[in-house]
Amino acid sequence: MLYDNGTLKVLDLGLAIALDADRSRYTSTGQTIGTPAFMAPEQIESRDVTAQTDLYALGLILHELLTGDRVVTGTNAFSVWSRQLSAPAPDIRVERPEVPADMAGLIMCMLEKKPESRPAGAVAVHAVLMRHATDVAELVDDNNSPARMYSLAVSAPTRSPRSATVIESARDAHDLTPASEAVVPTDDLSRGDLHRAIEKARGLADESRYNPAVRHLHTALRAAIPLLGARDPDVVDARIELAGLRFESGGHAEAAELYRALIDDLTADRGPYDDQVMYCQRRLAECTLHLGHTSEAVDRLLRLQAQLEARYGRSDRRVVEVAEIVGNVRRGAVREERQSRCHRRSIQRPTT
C-alpha cells in the first residue's frame with residue numbers, strides 16, 4: 001500500500017478480493033486457493049512450489065509496477081490460468097525502453113515458465129535491484145521519521161570488504177608474500193603494471209612455478225585493490241587469474257574461496273547472468289567437485305545450466321558442456337557406488 005508520505009507497506013490480507021467492477025472475484029468458495037494473476041505455472045498445476053515460485057510472483061509485481069499493466073489477464077480464472085501456463089510475458093523494454101537492461105533482463109528471467117530457468121534465489125534478485133535503489137530517502141519529507149531513517153540506510157552505497165579479506169587471508173594462510181615484500185599502495189601503480197603482473201604470473205605458471213606466480217600476482221593485487229577497487233575490470237581479471245592459479249596448482253579450497261568472493265562482488269555489480277559471474281560459478285562447482293562434495297557440485301552445475309540456457313538457448317556450446325559435465329559426474333558417482341558395494345560384499349563373503 002502506498003502511503004501519503006511516499007512509503008510502501010506490505011499488508012498481509014490473506015485471500016483478498018478486488019472490488020473493481022471489471023475484475024472477477026477469484027477467491028470464491030470452491031475455487032483453487034490463490035490469485036490466478038500472480039500464480040506460477042507449477043502452482044496452478046499443483047506441482048512442487050519452491051523459492052522460484054515466489055520469484056515468479058515478484059516478477060509479475062515488478063513488471064506491473066514498471067508498466068502499469070497487469071501481465072496476465074482474462075475474463076475469468078480459467079482463462080488467466082491458461083495464459084499463465086503458456087503465454088509468454090510481454091517484453092518489458094518494448095513498453096518501457098528506459099528500464100535499465102540488467103533490471104529488465106532480471107524481471108523477464110523471473111517470468112520464465114520453467115522454475116529452473118528463473119534466478120537461483122532471492123540473493124541474486126536483490127543484488128540487481130539494489131543497484132537501482134537510489135535516492136529512496138527523497139520520498140520522505142520528515143527528516144526524523146523512522147521511514148526516512150530506514151530509507152537512508154537501505155539506499156546508502158555498499159562496500160565489499162569480502163574480496164580484500166579473502167585475498168589477505170590467503171596470504172596469511174599460505175605465506176604468499178614475505179614480510180620483506182610487504183606492499184605499500186602508491187599512486188604510481190598503473191593498470192599497465194597490473195597487466196604485466198598477470199602476464200608474468202601466467203609465464204611462471206606455464207613453467208609450473210606456481211608458488212612464485214601466485215606470490216607475484218598476489219603482491220600486485222594487494223597494491224591495486226585499495227587504489228582501483230575490488231570490482232574494477234582490470235582488478236577482476238587479475239583476481240580471476242589468481243583463483244585460476246590456485247585451482248591449477250591443486251589448491252581447490254583456496255580457489256573456491258576466491259571464486260566465492262568474485263561471485264559476490266560481480267553479482268552485486270553486474271547481476272547473475274554476466275559472463276564472468278557464470279564462469280566463476282562453473283569454476284566454483286569444479287572446485288567443490290575436487291573437494292569431494294559431489295552432490296553440492298551437481299546442484300551448482302544444474303543451476304548454472306539453467307542460467308546459461310535461459311540466456312543463450314539450449315543448443316549453446318556452454319550449455320552442452322555443463323550438461324556433459326553433470327552427466328559424467330553422475331555416471332562416475334554410480335560407478336563408485338557399485339564398486340563400493342562390490343568391495344563390501346567381498347569383505348563380508350565367508351572364506352572356505
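A: The crossing of α11 and α12 is left-handed, meaning the near helix is turned anticlockwise from the far one by less than a right angle (clockwise would be right-handed). Helices here are DSSP runs of H or I, at least four residues long, numbered from the N terminus. This is a predicted model, where local features need pLDDT of at least 70, side-chain atom pairs count only at pLDDT 80 or more, and totals for chains, interfaces and linings use all residues. Residues are numbered from 1 along each chain as its sequence is written, and side-chain values use heavy atoms, leaving out hydrogens and water.

Now the geometry: the axes of α11 and α12 come within 8 Å and cross at roughly 155 degrees. Those axes are lines fitted to C-alpha atoms over the stretch in contact, with angles from 0 to 180 degrees between N-to-C directions. So α11 is roughly antiparallel to α12, a label for angles over 145 degrees.

And what touches? Contact means heavy atoms within 4.5 Å. On the α11 side you'll find, among others, Ile240, Ala243 and Gly244, while α12 brings residues including Leu258, Tyr259 and Leu262. The contact residues split into 12 nonpolar, 2 polar and 5 charged.

Tyr259 is worth a click: it touches Ile240, Ala243 and Gly244, and also Cys280, Arg283, Leu284 and Cys287, leaving aside residues up to four places away in sequence. Together with Leu217 and Leu245, Tyr259 touches the most other members of the largest nonpolar core, which has 33 residues. Both α11 and α12 are among the elements giving two or more residues to this core, and α11 gives the most, with 8. Such a core is a set of buried (under 20% relative accessible area, 1.4 Å probe, protein chains only) Ala, Val, Leu, Ile, Met, Phe, Trp, Tyr and Cys residues joined through side-chain atoms within 4.5 Å.

Note on methods:
Buried < 20%, exposed > 50% of the residue type's maximum accessible area, 1.4 Å probe, protein only. Parallel < 35°, antiparallel > 145°, perpendicular 65-115°, else oblique. Nonpolar A, V, L, I, M, F, W, Y, C, P; charged D, E, K, R; others polar.
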